[in-house]
Amino acid sequence: MLCRRLSNFKLNTYRIRQLIRNHSAIITKTDISEEHASNDIANFKVGETVHGFEVKDIQPLKEFNITALNLLHLKTKAEYLHLFRNDSNNVFSINFRTTPKDNTGLPHILEHIVLCGSHLFPVRDPFFKMLNRSLATFMNAMTGADYTMYPFSTQNYQDFCNLQKIYLDAVFKPNLRYFDFLQEGWRLENTNPQDVKSDLIIKGVVYNEMKGAFSENDRILEQKVLNLILPDHTYGVISGGDPMKIPDLTWDDLKNFHKLCYHPSNARFYSYGNFPLTNTLKYIDDTYLSQCDYQNQNHTVVPPQKHWTEPKQEHIMGRYDNLGEVFEKQNILTVSLAMSDITNIYDTFVLSFLTELLIRGPNSPFYKTMIEPNFSGGFIPSTGFDTQTRDCIFTIGLQGLKQEDFPKVIDIYETTIEEVLKSGFDAKHIESVLHRYEIGIKHETSNFGLHLLFGIISTWNHSGDVINALRINTLLEKLQNDIKSDKFFLQKSVERFFKNNKHRLVLTLSPDKEYEKKQLEAEKQLIKSKVSGLTQENKQSIYEAGLELLKEQASPQNTNILPTLTMDDISDDIDHVNREKSKFGPVPTQLNKVNTNGITYFRGIINTSQLTPEQHMLLPLFCSIITKMGTRKMNYREFDNLVMTKTAGLDVGVHFAESLYQLHVYEPGILLSSYCLDKNIESMWQLWQDIFNLNELKDVKRFETLVQLYMSNLTHGVADSGHAYAMQSAAGLISGAAYQKDLLTGLQHISYMKTLVKTKRYESI
Ligand SMILES: [Zn+2]
């Protein structure tokens, strides 16, 4: 799971074990009725103690139809947040504040190893083993810069209890065996494990994972910004582990880190949905918490960063991307500022709002000054407001730059801020950003409880007021009042947090054609330093450990001890959606009537079979630009403003409908999707109408800018997910549909676009 900062939240997750299944519609026999579940909540009274947990606070959160319960385990001071909501997709998560002080990857390696077997369930990789025993809609574990979390979600109560047992035992009673450390962390091993005389190399799951983690310059830069701008405490190190430092880690360090950080006193439990709370509290207290005493956790507290009195500038080298722009245009520049303390809920809210105003869409000041002159490859993906750390960070960065453009970009940054201070923001632009918040509150994502957890985890991790952070309506009202009562409110905030903020880092990156070679050389030196002092006996025991590990890995696991759902646990009742089929003219239409919280959702498919192969090749580009060119009556800025004031955006994408029965049969098409508040439904249809009625695209300059932006994002992720591209190309060799997909979204598409753009015939395209 790798969420980018351009979406609402970002997670620095190193573990890609995302096993999300589609939000299944199965209603279970053990489902708890609303009445039953509400009664459970109704039993809780502030000040009373339930299974060792004191109820500290009960608050309604009207915007989400939630009743929030804050509990504290009296003996261990473990915190518990329960969000009751009549939603069957229940979530449970155990979260720890993990704040490493070195680069050995302690929290990341520990996260891997606790999932290698525990006292009750000595089975490696329980998530994968549970796939055919569970109806989970999500199972994962993630390491952030200062927390480690273990969340899952399911709609089945028996499943909820089963997974809870596995998760709790994994984190509180892991086996942490030496061989698991060797396998997941790092080890020296013979290149040929059967040959004691063969060369020694360093191996290990996390060691290898982290060698690959920084294969994209975006990731290198993002990590470096964090390390440099908040250098004094845990953010000064790489929590996932620096491959050059991982081999300094010992098994004892790891066991000790577990004792220090995975203690109930450092735990935050989270549950969401309509399952009863009492049983969970009883199980946690009986099985784990009642057996522990309080342990002081001051060592995991992250203090606010001391703010600088002078801005800083640094330069680093990165990879040269041979699929990307020419060498001279592969430089990146970022400007980052340390902003609010995350526990200051209102300041943080205002800053996330200001960030939207400043960078999002063609009406924002930075888009106008940085993107429209079309001298770069657009914003870097980490552009935005990062609320994952104690001190929140604003970052704006441009990719695809020439080195000589660096001073110009810094100058543009400063003059843009000056201009905002002088002229303020356009009222229509403010209105469209406010609308985005309004619709964002009402829009329910398919895994809502998980979405809320990701949104609050960092605030909670630093003991911020989570309940007030969730009161978005209150925050929004306060902001609107502040804007109303002081027309310079936003400008004053920009002055305070941007103009007068000396804690500013300018970080630049240039490509180095020797980057990989240098890394290989460094690894060689590292191995040399590890091997040079070894005696003959040492080498013999490394060889024997290697053989032992191979034997271990090959031995069958007793998965029968894992709990499983049976057919009796699963109901055959399916939640039927009220569905009406009709026709608008020749267009078959399906209307689904469900409670959507005041939002209307639209999806439409246009069949493109009649296009020529050449036209099909242009389809991805067409989809990416068609809603960004303006219409017959409006230029692209006016149109964007209208779209963002009336809807959550108009999405157009390439679509393939593959036949379920025949390998090579598919229908190519375009997928249209959008949603809006019910009151704006007529406007939404009108906006689509305007797009359909476009008969020519005249603004060649705008088109050229959009093509440049499209191109510079095209090769993002290729180095990171080479395997996915390879799989897609391979599938293209055996299926017609997959071949077409590869043509339009895979490596073939990249080379087609590169050739096309070289012609520079923007008008004829
Ligand atoms: Zn990992």
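1. Cysteine 623 counts as buried, at 5% relative accessibility, and cysteine 676 counts as buried at 0%. Buried means under 20% relative accessible area, exposed over 50%, and partly exposed in between (1.4 Å probe, protein chains only). The structure holds zero disulfides, a disulfide being a pair of cysteine sulfur atoms within 2.5 Å.

2. On the basis of these values: this is a predicted model, in which local features need pLDDT of at least 70 and side-chain atom pairs count only at pLDDT 80 or more, while totals for chains, interfaces and linings use all residues. Residues are numbered from 1 along each chain as its sequence is written, and side-chain values use heavy atoms, with hydrogens and water left out.

3. The zinc ion is coordinated by His108 (NE2), His112 (NE2), Glu209 (OE) and Glu209 (OE), at 2.1 to 2.6 Å. Donors are N, O and S atoms within 2.8 Å of the metal (3.2 Å for Na, K and Ca); water is not among the atoms, so sites may look incomplete. The donor residues follow the spacing H-x3-H-x96-E in sequence. Histidine 112 lies in helix α2 (residues 106–114) and glutamate 209 in helix α6 (residues 205–213), so the pair ties together parts 97 residues apart in sequence. Helices are DSSP runs (H or I, at least four residues), numbered from the N terminus.

4. Histidine 112 is buried at 4% relative accessibility, whereas glutamate 209 is partly exposed at 23%.

5. Asparagine 538 is found in helix α19 (residues 536–554) and is partly exposed, with a relative accessible area of 31%.

Key:
Helix = DSSP H or I, 4+ residues; strand = E, 2+ residues; numbered from the N terminus.
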